[in-house]
Amino acid sequence: MADMLDSLGVLNPEKLRKIFKSEDDTASSKEKLMEELGWSSFEDDDDLRRAAILDFVDETLKFAVERGLSWPKSYQFLDICVQILKNIGTDVSQIEIVEVFKRILFENPGYFLVNELKSLTDYVFVAILQHIKLFEYVLNIDREPLTIRLERQIDTPESAPPTSSGLTKKIFDYNEKVKLIEMRKAKLALDSCEKERAQSEKLRTHDEDPAEFKDLESSTLNRELIEQIVQECMQEHGAPLKELMTSQLNGLQEQLLLELEKAELPRPRELGPRSPVPMRSPKSTRSPKSRSPKGSAKEKKGSAKERKGSGKDKKTRDSSRPVSKTKLKK
């Protein structure tokens, strides 16, 4: 601590003027102080004691300059504050520091004006005496090593999936290409819907009273004028519809091109052949089957056999009856 405070002795009124009146506005006053003191750049967290002394010196000089003190008086006031810091030890009281401050002023009588001395005394009480314990710890007690620890719970998977379920690079690349094509198809479909909606809105909001016909309201209709009006109306009504159909055809063409691009991708063997695209089969219009003439002939033949068989059965029944005596005599 003493070495750092002793290094402030290299400052003088000329260097203070150079620090605060320099035309170089890119560097701060702290950076210029470090350059004049010969201190290398450092992080505040790495050297809190050096950072505290540098901040105190910078704020003290700014206070003196703002109060309009000359450069020699500013340097003298900084020297008084540095002597006070050197007398701050462990278990020092505010009364002791006040006595040190009065002794330093008595050694340099008449150096400051009354109003200047009052402002400087207020600064010593506010900046040093009210924070004397803080200066005591910073200047005399070494800082303990700061160890930052962060505890965080990490959820690990219960068990790794089997490697057999993984994809080969060929299948992965193929799936990524297919996914990209599907994304392009979805975007194309969305754009087509937006275009169709805009075209439909254009058709609905069509001007029914064209401006070019307003001048013809008082004209006498004739064949040429009627043909002109009808032709221009057809063109005016047909143009948005033609544009809509053209947009739909272009969208369909782009969809087909994407399907073709997807079909031309080399499919890995592990995935097997592509599933065929389901086709709609036309509905059958055939009439119910009519009976063939051959079948009707078979039916007729079967019925004839049945009639013949029934005749034979009748003769058999007749032969089995007993013959009467009258018939025998005859």
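A residue counts as buried when its relative accessible area is under 20%. The exercises below use this cut-off on a predicted model.

**Exercise 1.** Decide whether Phe77 and Tyr123 are buried or exposed.

Solution. 
- Step 1. Phe77 has a relative accessibility of 1%, so Phe77 is buried.
- Step 2. For Tyr123 the relative accessibility is 12%, and therefore Tyr123 counts as buried.
- Step 3. As a contrast, take Leu252, which is found in helix H10 (residues 223–263). Its relative accessible area is 49%, so Leu252 is partly exposed.

**Exercise 2.** Describe the overall make-up of the protein.

Solution. 
- Step 1. The secondary structure consists of twelve helices and zero strands.
- Step 2. Of the 330 residues in the protein, 23% are buried.
- Step 3. The accessible surface is about 26300 Å², and carbon and sulfur atoms hold 54% of that surface.
- Step 4. Among contacts with a separation of 6 or more, 71% join residues 24 or more positions apart.

**Exercise 3.** Work out which residues of helix H6 are buried and where they sit around the axis.

Solution. 
- Step 1. Helix H6 covers residues 94–107, which is 14 residues. From first C-alpha to last, H6 reaches 20 Å, close to the 20 Å expected at 1.5 Å a residue.
- Step 2. The buried residues in H6 are Ile97, Val100, Phe101, Ile104 and Leu105.
- Step 3. These residues lie on the same side of H6, because they cover an arc of only 135° around the axis.

**Exercise 4.** Find which residues touch the most other members of the largest nonpolar core, and which elements supply the core.

Solution. 
- Step 1. The core has 43 residues, and those touching the most other members are Ile53, Phe77, Ile84 and Ile88.
- Step 2. Elements giving two or more residues to this core include helix H1 (2–6), helix H2 (13–20), helix H3 (29–37) and helix H4 (48–66). H5, H6, H7 and H8 also give two or more residues.
- Step 3. H5 supplies the largest share of this core, eight residues.
- Step 4. A second, separate core has six residues, among them Val178, Ile181, Leu258 and Leu265.
- Step 5. Back in the largest core, consider Ile88. Apart from neighbours within four places in sequence, Ile88 is in contact with Ile97, Ile128, Ile132, Phe135, Glu136 and Asn140.

**Exercise 5.** Count the aromatic pairs and classify the pairs Phe56–Phe135 and Phe77–Tyr123.

Solution. 
- Step 1. The count is four aromatic pairs.
- Step 2. Phe56 and Phe135 are 5.6 Å apart centre to centre, with 80° between the planes, and the pair is edge-to-face.
- Step 3. Phe56 is in helix H4 and Phe135 in helix H8, so this pair ties together parts 79 residues apart in sequence. Both Phe56 and Phe135 are buried.
- Step 4. The ring centres of Phe77 and Tyr123 are 5.7 Å apart and the planes stand at 65°, so this pair is edge-to-face.
- Step 5. With Phe77 in helix H5 and Tyr123 in helix H7, the pair ties together parts that are 46 residues apart in sequence.
- Step 6. Ring pairs also link Phe63, Phe77 and Tyr123 into a cluster.

Note on methods: Residues are numbered from 1 along each chain as its sequence is written. This is a predicted model: local features need pLDDT of at least 70, side-chain atom pairs count only at pLDDT 80 or more; totals for chains, interfaces and linings use all residues. Side-chain values use heavy atoms; hydrogens and water are left out. Helices (H or I, at least four residues) and strands (E, at least two) are DSSP runs, numbered from the N terminus. The expected span of a helix is 1.5 Å times one less than its number of residues. Buried means under 20% relative accessible area, exposed over 50%, partly exposed in between (1.4 Å probe, protein chains only). The arc is that of the directions from the helix axis to the C-beta atoms. Contact means heavy atoms within 4.5 Å. Accessible areas come from the Shrake-Rupley method with a 1.4 Å probe; for residues, only the protein chains shown count as cover. A nonpolar core is a set of buried Ala, Val, Leu, Ile, Met, Phe, Trp, Tyr and Cys residues joined through side-chain atoms within 4.5 Å. Rings of Phe, Tyr and Trp (its six-membered ring) pair if their centres lie within 6.5 Å; planes under 30 degrees apart count as stacked, over 60 as edge-to-face and the rest as tilted.
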